[in-house]
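Trainee: I have a model open and some questions about it. Can we go through them one by one?

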Amino acid sequence: MSLDSLTFDVTRPHWFVLYVRANQEKKTAQRLAGIEIEYLLPCYRSVRQWKDRRVTLEMPLFPGYVFVHLPFVERLKALTLPNVVEMIGSKNAPAIVSAAEIDCIKRGVEFGNAMPHFALAEGQHVVITSGVLRGMQGTLLRSQNNTRVVVAIESIARSFAVDVDISCLRPTGSFFPQERKAV
C-alpha cells in the first residue's frame, strides 16, 4: 500500500520500512530505541560453520530493512540516523505496511520458525539449488498444486517441464525489490 492510494492522517503513526546500509540493521534498531521510535527488526537463527566451531547467529529476516512505526510528519527523526539510506516506497510516497502484515511477520518469527525465502513469481527465471536437478535453470511455471520449472534446450529449440519443490529454487541474477525508491 502506498500513500498515493489513500488519504491518511499524517499525524497518526503508520508502519514504514527503512532501507539501511549492509549489516547495520541491529545498530539502527538500537539507535531507534534510543530516540524512542517503535521499530521491528524480525530475526531468525542461522547456524554457521566457522573454522574451529559452529556458531548460531541472529540474522535479519529481511536484510537491509528495519520497520518503523511513527507518524509520517516525524519521518526525519528516523531518516537522519547514521546508516539509514532511505524510506522504501514509490517515487511519490513511502510504502505503508499494514498492521496485519506486521502481525503476520511477528507471528511467523515467534511461532513459525521463519526463514528468509526469495519471492518467486510465475515467468521468473530460476535456478534449482539442490537435489538431482541442481544447477538446472529455467522459467518458473506453477500448475495447480505443484511447482514446475520449464527448462529450455536452446540448441534444439525445445523445452521440458520438471516438478520441483519450491524451497529448492532461487531467482537467477541479483534480487532487489521492485518498489525500492527513495522518498
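Trainee: Is Thr28 buried or exposed?

Mentor: First, this is a predicted model, where local features need pLDDT of at least 70, side-chain atom pairs count only at pLDDT 80 or more, and totals for chains, interfaces and linings use all residues. Residues are numbered from 1 along each chain as its sequence is written, and side-chain values use heavy atoms, without hydrogens and water. Buried means under 20% relative accessible area, exposed over 50%, partly exposed in between (1.4 Å probe, protein chains only). Thr28 has a relative accessible area of 1%, so Thr28 is buried.

Trainee: Which residues is Thr28 in contact with, leaving aside neighbours within four places in sequence?

Mentor: Thr28 lies in helix 1. Helices (H or I, at least four residues) and strands (E, at least two) are DSSP runs, numbered from the N terminus. Contact means heavy atoms within 4.5 Å. With those neighbours set aside, the partners of Thr28 are Val20, Val66, Pro82, Asn83 and Val84.

Trainee: How far is the backbone oxygen of Gln24 from a polar atom of the Thr28 side chain?

Mentor: Look at the Thr28 side chain and the backbone of Gln24. The distance from that oxygen to the polar atom is 2.7 Å.

Trainee: Which residue in strand 6 stands opposite Tyr19?

Mentor: Strand 1 (residues 13-20) and strand 6 run antiparallel, joined by 3 bridges. Opposite Tyr19 stands Glu86.

Definitions and conventions
Two strands pair if DSSP finds at least two bridges between them. A polar contact is a pair of N or O atoms within 3.5 Å; within protein, one must be able to donate a hydrogen and the other to accept it, and residues adjacent in sequence count only if both atoms are side-chain atoms.
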